[in-house]
Amino acid sequence: MIERAPMWRIRLYQLIVLGVFLGGWEWVSDRYIRTLWISKPSLIAERTLEWFSSGFIYPHILATLQIAGLGLLIGTAIGVVCGIMLGLQRSLSRLLDPILGGAYTMPRIAFLPVVLFWFGFGFRPMVALVVLMTFFVLFYNTRAGVESVKGDLVASMRVMGATRFQVIRMVILPSIVPFILAAMMIAAPYALVGAIVAEIFIGSKGLGFLIVSSTGGLDLTGTFTTCLVVTVISLIATLVIARHGPRLLGRSPETIGGGAAAAF
Amino acid sequence: MINITGVSKSFEKDGQKIDAVKDFSLTINDGEFVALIGPSGCGKSTVLNMIAGLLAPEEGVVEYNGEPVTAINTSVGYMTQKDSLLPWRTTEGNISAPLDIRRVPKSQRAALVSQAIEKVRLGGFERHHPDELSGGMRKRVLLARTLIYEPDTLLMDEPFAALDALLKLVMQEELLRIWSEARSTVVYVTHDLTEAISIADRIVVFSKRPGRIVLDLPVELERPRDFDTIRSSPEFLKLYNRVWATLRHEVVSQEEASGEGR
């Protein structure tokens, strides 16, 4: 057997690396590079405390979460429905593959002006951008999930008398739950990116707005603090989906085995 | 009654057309326990799939109770070697699946399911998921699920092939015990000659591909059969040797044929 470093020691080394990085940053700032350009960890920590204790940050977090969350839900709904339909219609799926592939490779952020043209300014175009950002991940994963359902399973249900609709309800839907969850975990950071980019361009509040207004005011501490908040939210969102997703989708986590939940 | 007349079916494999069965005919009477035996790839499973309506013949006709099979045949129960249990359902949930499909009222389901669980001796494992059960237990769940809606005909495609030899014996006995009460028609595909003779009323031997019938013999051993003694009885050995002589020839020439293909 190969000896491996125990977990606590790996964690310790990771902490040391982090400490060296933050310490170096703190030390360099104002000595060699002006704090204006790179801020410094102590200022970011101070600002974080300030924003949370004064409550200043909460409306911005809420605004971004609303856009990202609603966009993710709509993107999931559309992606799952399309994924099931094309997963069950292989010939149609193959026919559309080049078109879908092309659409997937397109930089979807570039669609922001188009989305604005369609929906005007405000909440709706920002949600629409998040839908665009998340749809494909959900679609492709759902379709892969449907295609991975064993033919024997479907055949055995059909012989027992199941209609096509019953096969979808009793076999397909439960089989794709782990695929949907995995896709949502991948899509959650994309949803946040989509929401923040939209806010950077047209937001009047939210974390994206905070990033532009801080940077514009030469307040890099504010920018970095916002980025820290975004990162933490992203991590929490992924964890929440992994922990509570199975129950929300009607499966107990222990029956998912090997899927999204087991990875956490 | 199952009436298969002049049926042909082929498959594409690596761009080549392979005949699974060609001009194949077979009649199976109600209540008969028939074993289909033959070398691997001789079209036994194709025949079962056609009776179940999962495959349509290219030529000829498959009739079930006088009606041609043109769609999925829901009067049969089909148990394959592959494990087709739903992994997210418990033992109870899996056994109850056909009842859910048939919209049997909830009040009746529980009673039927617990009866079925008792029949296959799975008491105490009602709430277990398939991955918490042993191979033999999973087969029992499959068996209970197949029997619970009382299909007229059971199609069994090497149902116990994945089990070890001892467990296989136990499951064969269980099957016979349950069948002796239900008395449905059984079409049992196997390539285990001892198994075929021990459980069936009639043995149909397939040729190598494309499958034809080369031998069709009744098994005149008394029921209920005692597995401990039956296998050393002179009738059994006579039958075994008779069938083996034919089967051996087919297996050998199938082997040679697939050797030439390479």
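A residue is called buried if 20 or more other C-beta atoms lie within 10 Å of its own, exposed if 12 or fewer do, and partly exposed in between, with C-beta atoms placed from the backbone. By this rule, B:K44, B:S45, B:T46, B:V47, B:L48, B:N49, B:M50 and B:I51 are buried in helix α1 of chain B. Helices (H or I, at least four residues) and strands (E, at least two) are DSSP runs, numbered from the N terminus. The model is predicted: local features need pLDDT of at least 70, side-chain atom pairs count only at pLDDT 80 or more, and totals for chains, interfaces and linings use all residues. Residues are numbered from 1 along each chain as its sequence is written, and chains are lettered from A and ligands numbered from 1 in the order in which they are written.

Chain A is helical in its assigned elements. It has 11 helices and zero strands. Its C-alpha trace spans about 75 × 60 × 35 Å along the principal axes. Of its 264 residues, 36% are buried. Contacts, here and below, are pairs of residues whose C-beta atoms, placed from the backbone, lie within 7 Å. Among contacts in chain A between residues at least 6 apart in sequence, 72% join residues at least 24 apart.

Helix α10 of chain A covers residues 207–216. Its buried residues are A:L207, A:G208, A:F209, A:L210 and A:I211. These pack against α4 (58–88), α9 and α11 (220–248) of chain A. Just after α10(A), A:L218 takes a positive phi of about 55°.

Chain B contains an open sheet of four strands. The strand order is β2-β1-β4-β5, and the pairing is antiparallel. Two strands pair if DSSP finds at least two bridges between them. Nine bridges join β1(B) to the antiparallel β2(B). Within this pair, B:S10 stands opposite B:D19. The hairpin of β1(B) and β2(B) has two residues between the strands, and B:D14 takes a positive phi near 50° there. Strand β1 (residues 2–13) is also joined to β4 (residues 59–64) of chain B, by five bridges and again antiparallel. Here B:I4 stands opposite B:V62 in β4(B).

Helix α1 (residues 44–51) of chain B packs on this sheet and touches β1, β2 and β4 of chain B. Its direction makes about 120° with that of β1(B); axes are lines fitted to C-alpha atoms, for helices over the stretch in contact, and angles run from 0 to 180 degrees between N-to-C directions. Eight of the eight residues of α1(B) are buried, so this helix is largely enclosed by the rest of the structure. B:G53 follows α1(B) and has a positive phi near 80°. Not counting residues up to four places away in sequence, B:I51 touches B:I2, B:V62, B:Y64, B:V69, B:N73, B:V76, B:L155 and B:V187.

B:T185 is found in strand β8 (residues 185–190) of chain B. With 19 C-beta neighbours inside 10 Å, B:T185 counts as partly exposed. Its C-alpha atom is separated by 5.0 Å from that of B:E32, 153 residues apart along the chain. Leaving aside neighbours within four places in sequence, B:T185 contacts B:I28, B:D30, B:G31, B:E32, B:D152 and B:T153.

Chain B is divided into domain 1 (2–75 + 153–164 + 183–260) and domain 2 (81–150), with bounds from an automatic or database domain assignment. Their C-alpha centres lie 27 Å apart. Eight residues of domain 1 of chain B are in contact with five residues of domain 2 of chain B. The domain 1 side of this contact has six nonpolar, no polar and two charged residues. In these classes, Ala, Val, Leu, Ile, Met, Phe, Trp, Tyr, Cys and Pro count as nonpolar, Asp, Glu, Lys and Arg as charged, and the others, Gly among them, as polar.

The contact between the chains takes 19 residues from chain B and 16 residues from chain A. On the chain B side, β6 (76–80) and α3 (97–101) each supply at least two residues. By class, that side has 12 nonpolar, four polar and three charged residues.

A nonpolar core is a set of buried Ala, Val, Leu, Ile, Met, Phe, Trp, Tyr and Cys residues joined through C-beta atoms within 7 Å. The largest has 117 residues, and those with the most contacts inside it are A:V130 and B:I51. Helix α9 (residues 164–202) of chain A gives the largest share, 21 residues. Domain 1 and domain 2 of chain B both give residues to this core, so the core lies between them.

Note on methods. Two residues are in contact if their C-beta atoms, placed from the backbone, lie within 7 Å.
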